Amino acid sequence: MTGGAAAALTGLRVSPARAVLRLDVTQGNVQPVPIAVPDFLPATPGDAEPARLVTQIITANLARSGLFAPIDPAAYIEKIVNFDAAPRFPDWRAINAQALVLGRITRQGDGRFKAEFRLWDVFAGQQLEGKQYSVPFENVRRIAHIVSDAIYVRLTGEKGYFDSRIVFVDETGPKERRVKRLALMDQDGANTRYLTRGDDLVLTPRFSPTTQEITYMSFGQGDPRVYLLNLDNPGQREVVGNFPGMTFAPRFSPDGGSVIMSLQRGGNSNIFVMNLGSKAITRLTDSAAIDTSPSYSPDATRICFESDRGGRPQIYVMPAHGGNAQRITYGQGSYSTPVWSPRGDVIAFTKQLEGQFAIGVINPDGSGERVLTSGFHNEGPTFAPNGRVLMFFRDLGPGPFLYTIDITGRNELKVPTPSYASDPAWSPLLS
């Protein structure tokens, strides 16, 4: 993990009494697992506040996932006082806890925090996981996200997504004079910071696979520009290029070495890719239609994109080097903003039909189309790093807000933001 270390905690294993707990997240009717997360123990009284903060964030992460049901601490029978002692399993079974998380926070002499945790299967009486992490003091929130991911991974068998960030367009002011700034926050809506001042209109921010750079569009000085912005130093940004006419939706290639986008040349738009090292531009489509919103498959062999070459906007898939494009959507309405899942298994889209805007997913071969949520002006899906959750924005009139939904169509939640927010993009995992 960045800025720290992880190690396994061993010992305190109890002979299992039954099958080890495991949650199947591929089903749409998952019953949330009752889980107990007592306050992490502080090594000293001075560690009490960060210990409580870590506990609160872990509990909130697990609850928001929709896969876990944290038990009210008022129901706890055993009071945890010793991290190194095995819990009294009958006390936790009595309140129907299936999983139990115990932890300890220690402020170290070098100004770092060490977090230790153990995950227990209550009914089997078995330790499922035990790890420790060390991070700088100012990153104590990250400990909670990293521990949350470790719990998620161990109980679901899937990658986590809590230790990640969202870049989005923050919108303030009256609707007719809306100020739009690039903003960055943790996936749970905390730690918002602004990357641009709002002098120019900004659109379509997208993360690099390295997570240290984003690409975005800016309209401020004549022709639209595509920028690269370094997140470690937001004042350091590079113009990828000035493009006469209109530019849409730049995205990175999976290796971060190129940016793919659509450029308007003449009366139509086609898809181009720019090598960030050489700045060489290669044209990938050459049609009389509007081709836009390209997105690479995670193995970089294919590209999905939106095109109206069939009469109205639909989604197509073609080889990454261009060539024959196959249409994959044939339903009623218009399809737009396709984005490939990091798992490679589905493509998310926005679908407009009879005044409704739906967010859905479809298999890359065109089978298995599913609408996850529908309503007025939903748009701009982006995948969590594990491909199991989508974020999008919804504008009900006054202004847009961010939402998440599981790819099974469950657990739709509003994401807290300081003001109106649109056009989110989810980062890869930080750790």
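**A close look at one serine and its surroundings**

Reply: Leaving aside neighbours within four places in sequence, Ser-336 is in contact (heavy atoms within 4.5 Å) with Glu-306, Phe-349 and Thr-350. This is a predicted model, in which local features need pLDDT of at least 70 and side-chain atom pairs count only at pLDDT 80 or more, while totals for chains, interfaces and linings use all residues. Residues are numbered from 1 along each chain as its sequence is written, and side-chain values use heavy atoms, with hydrogens and water left out.

Ser-336 belongs to strand β23, residues 334-340, and the protein contains three helices and 31 strands, where helices (H or I, at least four residues) and strands (E, at least two) are DSSP runs numbered from the N terminus. Between the C-alpha atoms of Ser-336 and Gly-173, which are 163 residues apart along the chain, the separation is 28 Å. For scale, the C-alpha trace spans about 70 × 45 × 40 Å along its principal axes.

Elsewhere in the chain, four strands form an open sheet in the order β11-β12-β13-β14, with antiparallel pairing; two strands pair if DSSP finds at least two bridges between them. Because β11 (201-207) and β14 (237-242) stand at the edges with a single partner strand each, one side of each is left without a neighbour in the sheet. Within this sheet, β12 (residues 213-219) and β13 (residues 225-230) pair in the antiparallel sense over six bridges, and Thr-215 has Leu-228 in β13 as its bridge partner.

Turning to the interior, buried residues (under 20% relative accessible area, 1.4 Å probe, protein chains only) make up 55% of the 431 residues. Not counting residues up to four places away in sequence, Leu-155 touches Leu-21, Arg-22, Leu-23, Ile-35, Phe-68, Ala-99, Leu-119 and Leu-128.

For the protein as a whole, residues 24 or more positions apart account for 47% of the contacts with a separation of 6 or more.

Terms used
Buried means under 20% relative accessible area, exposed over 50%, partly exposed in between (1.4 Å probe, protein chains only).
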